[in-house]
Amino acid sequence: MEAQGESKTAIPVSSGDACDEATIVQATAVAHTGEETSLDSSKEDIPESWRTFHTDHSVHNPTSITNPFDTWREWWTSAMQTEDSDAHAAYLCTCGADLMPQIRDVAISLWDSDGIVFGGYTESQMAQELERNNKASLVLRWASLDRQVRINGIVTPTTRSQSVFLFRRCSREEQIGFWALGQGKRHIVYSGNPEPGYRRAGYMRRVFLQFREDDTSIPMPPAWGGFVLRPTSFEFLGNERTIWSKGAAAGPEGEKTNWTKKLLVM
């Protein structure tokens, strides 16, 4: 779905266009100027849990664990204190049309009781595979704690305004990189385009120089967005191995609501 007010300015995409990297950078920026104006003014679909995420970094040790998110919260907050930025690092496994598993690294942006949220390129192989088969697995390994978590679930894309919210949570350096590489398949830096490496390198260099020399807001790239993995099972591997699975009982709208726990022998 295209954002309201998005300009249709043409973006040069190949070496056949009579332009240099500077023109490409400028044209791309113009094409997306003002894209977020209407989006930022309407945030009704941003969960409150997203807005307040990470305001509490204390480790919680619940007296009774009734669902996997109790353990997940405890492990996550411990990892945030020991792993620094690596606490967000995860591997996402999807399955393509050929049934061959594909794995890549992602960064967890935030999470709540509804799901685990991460960002990615919406025209990538990952996004295409999730569109065909939205079942996926996340794996996080926290070496300093000798802990690993595997989460299976159903992945859905976030709304455009939610994606903008997630994009604004990224550091400026991350935003620059995402903006440069998130322009879609028609752009010069898309990996499938037959552009020589020096043109891509020149483009990336000019993008970073442009945005580092001023303090203007970096536009939300058109081919970047958020994804939410809604868990159907957790596996916690530490001093013991515990598996939580969604049960068969259904809620008012048919969704599975209860969790069952199994403690396995290591």
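Below is a chat about a predicted model and its rings, pocket and backbone.

Student: Before we start, what kind of model is this, and which residues count for local features?

Tutor: This is a predicted model, where local features need pLDDT of at least 70 and side-chain atom pairs count only at pLDDT 80 or more, while totals for chains, interfaces and linings use all residues. Residues are numbered from 1 along each chain as its sequence is written, and side-chain values use heavy atoms, with hydrogens and water left out.

Student: Okay, what is the mean pLDDT of the chain?

Tutor: The mean is 80, and 73% of the residues reach 70 or more; pLDDT is the predictor's confidence in each residue, from 0 to 100.

Student: Where does pLDDT stay under 50?

Tutor: Residues 1–21 are one such stretch, with 41 contacts beyond four places in sequence in the model, contact meaning heavy atoms within 4.5 Å. Residues 30–34 also stay under 50, and there the model has 11 contacts of that kind. Where pLDDT is low, the predicted coordinates should not be read in detail.

Student: Why is the pair of phenylalanine 53 and tryptophan 111 edge-to-face?

Tutor: Their planes are at 80°, with the ring centres 6.1 Å apart, so the pair is edge-to-face. Phenylalanine 53 sits in the loop between helix H3 (48–51) and helix H4 (68–82) and tryptophan 111 in strand S2 (residues 101–112), so this pair ties together parts 58 residues apart in sequence.

Student: Buried or exposed, those two?

Tutor: Phenylalanine 53 is buried at 12% relative accessible area, and tryptophan 111 is buried too, at 9%.

Student: What about tryptophan 179 and phenylalanine 211?

Tutor: Their ring centres are 5.1 Å apart and their planes at 80°, so that pair is edge-to-face. Tryptophan 179 is in helix H7 (residues 172–181) and phenylalanine 211 in helix H8 (residues 197–212), so to speak distant parts of the chain, 32 residues apart. Both residues are buried, with tryptophan 179 at a relative accessible area of 0%.

Student: Which residues do ring pairs link into a cluster?

Tutor: The cluster holds Phe53, Phe69, Trp72, Trp75, Trp76, Trp111, Trp142, Phe234, Phe236 and Trp259.

Student: New topic: how much space lies in the second largest pocket?

Tutor: About 570 Å³. On a 1 Å grid over the protein atoms alone, a pocket is an open set of points where a 1.4 Å probe fits, with protein on both sides within 12 Å along at least five of seven lines. Grid points are joined across faces, edges and corners, and the volume is the space filled by probe spheres set on the points.

Student: What lines that pocket?

Tutor: The lining has 23 residues, and Ala107, Ile108, Cys170, Glu174 and Phe178 lie nearest the centre; lining residues have an atom within 4 Å of a point. S2 gives the most, with 6 residues.

Student: Last one: what is phi at leucine 99?

Tutor: Leucine 99 has a positive phi of about 65° although it is not a glycine. Leucine 99 lies in the loop between strand S1 (89–95) and S2 and is exposed at 67% relative accessible area.

Methods
Phe/Tyr/Trp six-rings, centres within 6.5 Å; stacked < 30°, edge-to-face > 60°. Helix = DSSP H or I, 4+ residues; strand = E, 2+ residues; numbered from the N terminus. Buried < 20%, exposed > 50% of the residue type's maximum accessible area, 1.4 Å probe, protein only.
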